[in-house]
Amino acid sequence: MRRMFFLLVLLSAGVLSSNVRAQDVGLKTNVLYDAAATVNLGVEVGLAPRWTLDLSGNYNGWTFSGGRKWKHWLLQPEARWWFCDRFAGHFLGVHALGGQCNVGGLKNNIRFLGTDFSRLGDRRYQGWYAGAGVAYGHSWILGRHWNLEAELGVGWIYTRYDVFPCAHCGTKLASDRQHNYFGPTKAAVNLVYVF
């Protein structure tokens, strides 16, 4: 009986492995984040002829001159459906995101879809965030292993945070505030190395 079971398992493995082909994998960096001094790395794995799973991570742990902070970490998984073949041409994506931030001292006059980013100039916000969105992108083949990819995503982010009076102050003005953001959730110009 055991021999029959092992023979059946080996036969099944042989039949299944004849239809399996090597997975394509891409390593990437988002040059927009690179320009903003944010360390980032992404990996994308082929799941089926038109499906891939992308996972990117970002980290910025620095305080800049003038007490400006854009400290954060972010993880962003995304399922992608390619119009033709994976890693080439147009694609649609569905992504989630989550992380933590410590942001302040960033002078600006931006107000966008109900969110007032100008408050980042006079206050510091520290907390966590999570969200989801949809994206559209395109990947251009540059060579045998190199691609250039552009992507834009929109969606929703929920955040909970504490408010401090300045970028380096430790006294809280408010605790456990919340905010819902609707708008861009992903912007990328990725340089991709495909294995």
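Contact is defined here as heavy atoms within 4.5 Å. The structure is a predicted model, in which local features need pLDDT of at least 70 and side-chain atom pairs count only at pLDDT 80 or more, while totals for chains, interfaces and linings use all residues. Residues are numbered from 1 along each chain as its sequence is written, and side-chain values use heavy atoms, with hydrogens and water left out.

The protein chain contains two helices and 10 strands, taken as DSSP runs numbered from the N terminus (helices H or I, at least four residues; strands E, at least two). Their order along the sequence is α-β-α-β-β-β-β-β-β-β-β-β. Of the 195 residues, 37% are buried, that is, under 20% relative accessible area with a 1.4 Å probe, protein chains only. Among contacts with a separation of 6 or more, 58% join residues 24 or more positions apart.

Arg-124 lies in strand β8. Apart from neighbours within four places in sequence, Arg-124 contacts residues including Lys-69, Asn-102, Val-103, Asp-162, Val-163, Cys-166 and Cys-169. Arg-124 is buried but has no salt bridge, and Asp-162, the nearest side chain of opposite charge, is 8.2 Å away. A salt bridge requires a side-chain nitrogen of Lys or Arg within 4 Å of a carboxyl oxygen of Asp or Glu. For charge, Lys and Arg count as positive and Asp and Glu as negative, with His and the chain ends not counted.

Tyr-125 touches Cys-101, Asn-102, Val-103, Arg-119, Leu-120, Tyr-161, Asp-162 and Val-163, with residues up to four places away in sequence not counted.

Terms used:
Buried means under 20% relative accessible area, exposed over 50%, partly exposed in between (1.4 Å probe, protein chains only).
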